[in-house]
Amino acid sequence: MSTNKPDSASRLDRVVADARAAAAEREKGYRERALKMYPWICGRCAREFTRANLHELTVHHRNHNHDDNPADGSNWELLCLYCHDNEHSRYIDHTGDTSESKVAEATANPFAALREMMAAKKR
């Protein structure tokens, strides 16, 4: 008579170990470090956050360089989604730096032959 207890116990141990490893990996990210370092309050509107709505609190890079993540958190501030969007809009308005300006201008004209097509249809 065999039981599944040892097999299910090892599976459970594996799931727990994987969950702990994933949590440790997440804690290495700048968001998790910033959430541990700063109070869960928006730096602009002072809205307070709890675990229930923490997903609405973002980490803003003050110098707009997402690769600049010093260990002391000096380039980060916690902002709610609305203030974060507003901050980036203000930055774009000030600098004129948009990803759209880096896209090549469209050269195709979908209405190029429209006049001829309409003339042919009238005949």
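The model is predicted: local features need pLDDT of at least 70, side-chain atom pairs count only at pLDDT 80 or more, and totals for chains, interfaces and linings use all residues. Residues are numbered from 1 along each chain as its sequence is written, and side-chain values use heavy atoms, with hydrogens and water left out.

## Overall layout

The protein chain has 4 helices and 2 strands. Helices (H or I, at least four residues) and strands (E, at least two) are DSSP runs, numbered from the N terminus. The order from the N terminus is α-α-β-β-α-α. Of the 123 residues, 18% are buried. Buried means under 20% relative accessible area, exposed over 50%, and partly exposed in between, with a 1.4 Å probe and protein chains only.

The protein chain exposes about 9,900 Å², and carbon and sulfur atoms supply 54% of that area. Accessible areas come from the Shrake-Rupley method with a 1.4 Å probe; for residues, only the protein chains shown count as cover. Among contacts with a separation of 6 or more, 48% join residues 24 or more positions apart. Contact means heavy atoms within 4.5 Å.

## The strand pair

In β1, Leu 57, Val 59 and His 61 point one way. Thr 58 and His 60 point the other way.

Strand β2 covers residues 76–80 and pairs with β1 in the antiparallel sense over 5 bridges. Two strands pair if DSSP finds at least two bridges between them. Trp 76 in β2 is the bridge partner of His 61.

Asn 75 sits in the loop between β1 and β2. It counts as buried because its relative accessibility is 5%. Its side chain makes a polar contact of 2.9 Å with that of Asn 63. A polar contact is a pair of N or O atoms within 3.5 Å; within protein, one must be able to donate a hydrogen and the other to accept it, and residues adjacent in sequence count only if both atoms are side-chain atoms. Beyond its neighbours within four places in sequence, Asn 75 is in contact with residues including His 60, His 61, Asp 68 and Pro 70.

## The nonpolar core

The largest nonpolar core has 12 residues: Ala 34, Leu 35, Cys 42, Phe 49, Leu 54, Leu 57, Val 59, Trp 76, Leu 78, Leu 79, Cys 80 and Cys 83. α2, β1 and β2 each supply at least two residues of this core. The largest share, 4 residues, comes from β2. A nonpolar core is a set of buried Ala, Val, Leu, Ile, Met, Phe, Trp, Tyr and Cys residues joined through side-chain atoms within 4.5 Å.

Phe 49 touches Trp 40, Cys 42, Leu 54, Glu 56, Leu 57 and Cys 80, leaving out residues up to four places away in sequence.

His 84 lies in helix α3, residues 81–95. With a relative accessible area of 13%, His 84 is buried. A polar contact of 3.4 Å joins its side chain to that of His 60.

The structure holds 4 salt bridges. A salt bridge is a side-chain nitrogen of Lys or Arg within 4 Å of a carboxyl oxygen of Asp or Glu. Among them are these:

| Pair | N to O distance |
|---|---|
| Arg 44 and Glu 87 | 2.5 Å |
| Arg 47 and Glu 56 | 2.5 Å |
| Arg 90 and Glu 87 | 3.2 Å |

The side chains of Arg 44 and Glu 87 meet in a salt bridge. Arg 44 lies in the loop between α2 (30–37) and β1, and Glu 87 in helix α3, so the pair ties together parts that are 43 residues apart in sequence. Arg 44 is partly exposed at 40% relative accessibility, whereas Glu 87 is buried at 12% relative accessible area.

Arg 90 and Glu 87 are 3 residues apart in helix α3, so about one helical turn separates them. Arg 90 is partly exposed, with a relative accessible area of 49%. Arg 44, Glu 77, Glu 87 and Arg 90 are linked in a network of salt bridges.

In the pair of Arg 47 and Glu 56, Arg 47 is partly exposed at 28% relative accessibility. Glu 56 is partly exposed at 21% relative accessible area.
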